[in-house]
Amino acid sequence: MIGITSYGAYIPRYRIKVEEIARVWGDDPEHIKKGLLIYEKSVPDLDEDTATIAVEAARSAIYRRSIDPKEIGAIYVGSESHPYAVKPTATIVAEAIRATPDLTAADFEFACKAGTAAIQTCMGEVAMGAIKYGMAIGADISQSAPGDALEYTAAAGGAAYIIGKKNLITEIEDTFSFTTDTPDFWRREGESYPMHGGRFTGEPAYFKHIISATKGIMKKVGTKPSDYDYVVFHQPNGKFPLRVAKTLGFSEEQIGLGLVVPMMGNTYSGSSLIGLAAILDQAKPGSMILMTSFGSGAGSDAFSMTVTDGIEEVRDKAPTIAELLKNPRYLDYALYAKHKGKIAV
Amino acid sequence: MRDVAIIGIGCTNFGEMWERSFRDLFFEAGLNALEDAGAKGEDVDALYVGNMSAGKFIDQEHIGALIADYAGLAGSLHVPSTRVEAACASGGLALREGVLAVASGLHDVVIAAGVEKMTDVETGVTIDALASAADREWEGFMGATFPGLYAMIARLHMHRYGTTREQLAMVAVKNHHNATMNSKAQYEREITIEDVMNSPLIADPLRVYDCSPITDGAAAVVLAPVELARKLNNTPIYVRASAQASDTITLHDRRDITTLDATVYAAQRAYKMADISPKDIDVAEVHDCFTIAEICAIEDLGFVQKGNGGPATEEGMTALDGDIPINPSGGLKACGHPVGATGIKQAVEIVQQLRGEAGGRQVSGAKIGLAHNVGGTGGTAVVHVLSVNR
Amino acid sequence: MAVPRLWRHIPTRYNLIGTECQTCGGLYFPPRTTCPTCRRDGRIIERKFKGTGEVVTYTTIYSASAAFHRQTPYVLAIVKLDEGPLLTGQIVCDPDEAKIGMKVRPVFRKLGEDGPSGIIYYGTKFAPLTEASQ
């Protein structure tokens, strides 16, 4: 059986509150908070980018399981904010965890689902026996144009997963993807901020793909919503995952543990993966978890997995999501703009 | 080895010399030194010039030839000219090279000079060029600035010895006071402790008034063997010792972060060479690139016990009328710090003091003086002992 | 700056790889090709440092060179690694958090970049060691 051997996450310690962004753009913060179910979001430090976040998450995953990094045969970093347009983030991670040079590495991009696509790729290579362990990372310093609705949610963070056959903390029963060409959100080459189709990002994009992929995986493995203890969906805001859960027949108890977006925002490629990490931080052996990501453009990857006894060995070995969210430093909009490079000089 | 004397001195005004070029500055200092020595260009056997960073400050290397050329010593006389570099100790090293050349018997009349033109680039470039005196790879790339490194010395000195923020300020106040009596100084004005304490932070705990300024300037001395000196000049000042020492270029690798061992060793070697002890020094020009640097210097030169530099300053020991007057010129802090020229300017000041020509800032009865020049945070230190008597 | 200068130090800067002299046991960061104590009698091997240590002294930089100008104020410190060697690095904390004797751990950060279109260089900074991070 293939599954998750270890995981690690990283969230920068800076935050900005919805009230502060709303103050600048003249919006009603209560309306935003109620409408998006978001209260504050994480912001990178001046010297943090997707590569540094990916490295911190990767090191945490290595540390949690005391894995010899030389046994990692593949590193894939999914992001839509790679520091370089050309030049991989994955090699930076590989060098920083001392996995070089006998491995393969690449950067993935599929909007917010590049991290789960990386997990699938690692599963394939582990399954064919080409590698012992593969590392899949989803990380972003999410971009959003000043004043865009996205600015309330676009956050910074990431998570890393080590995929293998041994020392598992979850067994992955199967994965199922649903993909169409649906341009609901995009960023053109050389542009600083993404554009999106407004309400078009909802029904024909997020909901259609997540619902289809989730139904697909349950059909494939022969499960129903009530079989799962926990479910996590991509979290562009707090509202969408709750609504898609309800539509699919999942309860608020099932989705609650992994719903991390209200206090940290949408970390794009890191979003569903940080949600999964929050579940693994607490899930008991034998628990079943369903995860479905969503990437604009558009596609969803769904995974059905069961937590093993191994979880107890690693649970306290690296910082939990709850610990990473502790002691935030709040920024005003001006400092936030400086941190995000939104001030042109 | 032959005994060596300084027979002529020259120094430009120090400051932001907008209208004057690198070449202008050097020429003025060199010419004044030769005139003071009563020597002619034809007498000059060699030139040694201290310069830290003309490559960064004026985008010019090959300074030795340039200077010989514009001093009129290259085209027809073909006088050998050598640039010497050890960051802010470049001037002190040039003096030492000149002394060695004369002492060895290789040359008779030698000009040792220092020059720096620092205001032809933006301030950010200047800060970066000065930071190259530290280890670029393992200090500079980490964000270390020059004031930042000295600030870390200050923080630990305060933590370990109880040196106070006010005592640091007193160094600047004293040196500004001395500079009011030096017409060549960049800042001929008094400042108060409050001025220092209220000035903007540069690298906590160091503030603007703890730091030496960015300065243009040049200085030169003429050296000769003692016998020749007596023929040319009525009041030769004797070079009793010339000593130099090295230490790790990085501050963090030092035996002790609050001690400049290069200074300790250079001083010990100098005292031995001159057969004197620190108590015999009547006046000293020390390397006060920052206020903390003067406090460390008076400790490391042996004038006070380690850790007592702050209280000694507060008690007035280093004032013009104190036991050991330090930096009568105003020091790097108030006279100015054209990095490559500083080491030579210190020697110029000590010569003036020993000749009794220092005017209002004259240290009465000064017979033996010391010049102390540091490169970087203490990777290099040079100590010269000058004396009225042989 | 040409790329090789930054590239050649990647293992050292990312993972604090220094050297050890097997003759005298001396530990060095950054790596040295010669043991300063044993010189030619020294036998030098690679040595990775954990990166945990203690602040020996520190400053907050308010006036920086052009490359660091946008990051001021930032905390710079001399850190004594648990294994012994001292090094200079930034502490990722508020200026009033920094203390002499403060325990720190390594973090992976951008050290700088060669302008907006040039190479980005990464390496080790330090953060206060909290209970959660232990």
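Helices (H or I, at least four residues) and strands (E, at least two) are DSSP runs here, numbered from the N terminus. With that in hand, let's look around.

This is a predicted model, in which local features need pLDDT of at least 70 and side-chain atom pairs count only at pLDDT 80 or more, while totals for chains, interfaces and linings use all residues. Residues are numbered from 1 along each chain as its sequence is written, chains are lettered from A and ligands numbered from 1 in the order in which they are written, and side-chain values use heavy atoms, leaving out hydrogens and water.

**A sheet in chain A**

Start with an open sheet of three strands, ordered β3-β2-β14 in chain A, with mixed pairing. Two strands pair if DSSP finds at least two bridges between them. At the edges sit β3 (40–43) and β14 (329–330) of chain A, each pairing on one side only. Strand β2 (residues 14–17) of chain A pairs with β3(A) in the antiparallel sense, over four bridges. Within that pair, I16(A) stands opposite K41(A) of β3(A).

Lying across β2 and β3 of chain A is helix α1 (residues 18–25) of chain A, which runs at about 55° to β2(A). That angle is taken between N-to-C directions on a scale from 0 to 180 degrees, using axes that are lines fitted to C-alpha atoms, for helices over the stretch in contact, where contact means heavy atoms within 4.5 Å.

**Two cavities**

On a 1 Å grid over the protein atoms alone, a cavity is a set of points where a 1.4 Å probe fits but cannot get out, and lining residues have an atom within 4 Å of a point. Points are joined across faces, edges and corners, and the volume is the space filled by probe spheres set on them.

| Cavity | Volume | Largest share of the lining |
|---|---|---|
| Largest cavity | About 80 Å³ | β6(C), three residues |
| Second largest cavity | About 50 Å³ | α11(B), four residues |

The lining of the largest cavity includes W138(B), M142(B) and H252(B), along with R13(C) and F126(C). Two or more residues each come from β6 (86–91) and β8 (120–128) of chain C.

Among the residues that line the second largest cavity are Y150(B), H287(B), D300(B) and V374(B). Here α11 (291–300) and β10 (368–375) of chain B are the elements giving two or more residues.

Definitions and conventions:
1 Å grid on protein atoms, 1.4 Å probe; cavity = no way out; pocket = protein on both sides within 12 Å on 5 of 7 lines; lining within 4 Å.
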